[in-house]
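Subject: Structure handover

Hello,

Here is the structure I said I would pass on. My notes on it follow below.

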Amino acid sequence: MFAPSVLLRVARQATAAGLAAASPTSRSVLPLASSIRASRLFASDAASSSSDVGFNLTAEQKELQELARSFTAREIIPKAAHHDVTGEYPTEILKKMWEVGLLNTHIPQAYGGLGLGVLDCALISEEVAYGCSGIQTAAEANGLAQAPVIIGGNDAQKKKYLGRMTEEPLMCAYCVTEPIAGSDVAGIGTRAVKKGNSWSITGNKMWITNGGKANWYFVLAKTDPAANAGKAFTGFIVDASSPGITVGKKELNMGQRASDTRGISFEDVEVPDENRLGDVGKGFSLAMGAFDTTRPLVAAAAVGVARRALEEALKYSLERKTMGKPISEHQIIAFMLADMASGVEASRLLTWKSAWLRDNGQRNTLFASMAKAMASEVANKNAADAVQIFGGNGFNSEYPVEKLMRDAKIFMIYEGTSQIQRLIVSRTIIDNAKKGIF
C-alpha cells in the first residue's frame with residue numbers, strides 16, 4: 001500500500017496531464033482513498049478515536065478533498081456549460097472519475113472498492129457539485145443504487161454486482177419512484193410475482209437517474225398487495241439487459257441536464273430468486289435505509305452549489321462598480337453576501353454531523369433530513385441571490401449563476417422533498433418530546 005501522499009501525487013499528475021492515457025496504471029490511485037478508512041462498510045467500523053468535539057479533517061481527508069477539488073477544476077468546470085447546453089451525458093468525465101478513484105467510493109474493500117465513510121464521500125460530493133451538480137448527480141446515483149446491495153445483499157450478490165463496478169466504469173440506477181408514487185412510496189404499483197425459482201416484474205418507474213446508462217437496477221416492487229408498506233415490498237437486482245425492459249426518452253429537465261433521467265418500464269421481466277435482496281417483504285426498509293447514507297451526500301452537493309454561488313457573487317461584487325465604488329461596498333449587497341456565507345457554513349456543519357453520526361454507527365435519520373432540507377434551501381437561496389447580485393447579467397447564460405439557479409431547484413425535490421424532510425424531523429422531535437427526550 002502506497003502512502004496517501006504518494007498516491008495523491010500520482011492522481012495529480014494524471015489529472016494535470018488531462019488523463020490522456022487511460023492506462024491500467026491510472027487505477028493505481030485507488031488505494032489513496034482506501035487508506036483513509038480501512039475496511040469500512042459505510043461507517044460501522046469508523047468509530048472516532050476521541051469523543052472530543054472537533055472540526056478538523058484528517059490529513060488523508062484533506063488530500064482526498066484536494067484530489068476532488070483539483071479534478072473538478074481541470075475536468076468538470078471547463079466542460080460543465082457544454083453538458084448543460086447539449087444535455088450530453090458526461091461519459092468521459094465519469095470514466096476519469098473512476099480512474100482516479102472518485103466514483104463508486106462506497107463499495108467495501110472486500111469487493112474491490114474503497115470502503116470510504118459517509119463524511120469522506122461528502123467531501124467529494126461538495127467539490128464535484130461545485131463544478132457541476134448534474135455531473136455529481138450522475139456519479140452519486142451509483143452510490144444510491146449500490147446502497148441497498150451493500151446494506152442487504154449477500155456475499156454472492158455483492159461480488160457479482162459491486163465487484164463489476166470496480167472492474168470497469170459502469171453505471172447503475174435506483175428504480176423506486178413511479179409516475180404516481182414519489183413521496184408516497186407506499187403507493188408504488190410495480191408488482192413482482194413469484195413463478196417457480198424466479199420473479200416476474202411488471203410496472204413503470206419514472207425520473208430514474210442513470211436510467212438509460214445503467215448496467216443494472218435496484219428495483220422496489222410490491223410482492224404482497226394486502227400487506228402494509230413495511231411488509232408489502234421486496235427489493236431486487238435487475239440486469240438492464242433483461243428482456244422486457246423498455247428505456248424511455250431522456251427527459252429535458254430545468255437543470256442538472258448532464259444527468260440522464262428517464263422512465264423505465266418492466267413488462268414480465270424475469271428475475272431469478274437469487275437476485276432478490278434480503279427477505280421477501282423487507283424491501284421498504286432496505287430502500288429507505290439507503291437514505292441515511294445518501295441524504296448527507298445530497299446535502300453536501302447542495303453545499304457545493306451554495307458555495308459556488310457565493311464565490312461567484314463575491315468575485316463579481318468586487319469587480320462590478322456602481323456609484324463610484326464596487327457593489328460589495330454597498331451595505332445591501334454586503335449583507336446578502338454575509339447571509340450567503342453563513343448559510344454555507346451552517347449547512348456544511350449540519351451535513352458533516354449527519355455524516356459523522358453514520359460513520360460512528362449512530363442513527364442519523366433525523367440529522368440527515370435536517371441537513372438535506374437546510375442545505376437544499378440554502379443552495380436555492382444562494383443561487384437566487386447570486387443572480388440578483390449579478391443583475392441583468394445574472395439572467396444571461398453567458399454568466400455561470402443562472403445555471404446554478406436552475407440546477408439548485410431539484411435538491412428540494414429528489415431523495416425526499418423538503419416537505420418530506422420536515423415531516424421526518426417534526427415527527428421525530430415530537431415523538432421524543434412525548435418521551436421526555438429533548
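Ala214 belongs to strand S4, which covers residues 214-222; helices (H or I, at least four residues) and strands (E, at least two) are DSSP runs, numbered from the N terminus. This is a predicted model, in which local features need pLDDT of at least 70 and side-chain atom pairs count only at pLDDT 80 or more, while totals for chains, interfaces and linings use all residues. Residues are numbered from 1 along each chain as its sequence is written, and side-chain values use heavy atoms, with hydrogens and water left out.

With a relative accessible area of 12%, Ala214 is buried (buried is under 20% relative accessible area, exposed over 50%, partly exposed in between; 1.4 Å probe, protein chains only). Apart from neighbours within four places in sequence, Ala214 is in contact with Met171, Cys172, Ala173 and Ala240, where contact means heavy atoms within 4.5 Å. Ala240 is 26 residues from Ala214 along the chain, and their C-alpha atoms are separated by 6.5 Å.

On the aromatic side, a search of the whole structure gives nine pairs. Rings of Phe, Tyr and Trp (its six-membered ring) pair if their centres lie within 6.5 Å; planes under 30 degrees apart count as stacked, over 60 as edge-to-face and the rest as tilted. Tyr161 and Trp216 are edge-to-face, because their ring centres are 5.7 Å apart and their planes are at 70°. Tyr161 is in helix H7 (residues 155-167) and Trp216 in strand S4, so this pair ties together parts 55 residues apart in sequence. Both Tyr161 and Trp216 are buried.

Tyr316 and Phe390 are stacked, because their ring centres lie 4.1 Å apart with the planes at 15°. This pair links distant parts of the chain, 74 residues apart: Tyr316 is in helix H10 (residues 291-319) and Phe390 in helix H12 (residues 365-390). Tyr316 counts as buried at 10% relative accessibility, and Phe390 does at 5%.

Tyr174, Phe218 and Phe291 make up one aromatic cluster. Separately, Arg308 lies over the face of Tyr130, 5.3 Å from the ring centre; a charge sits over a ring if NZ of Lys or CZ of Arg is within 6 Å of the ring centre and within 35 degrees of the ring normal.

For the chain overall, there are 14 helices and 10 strands, and 56% of the 438 residues are buried. Of the contacts between residues at least 6 apart in sequence, 76% join residues at least 24 apart.

Regards
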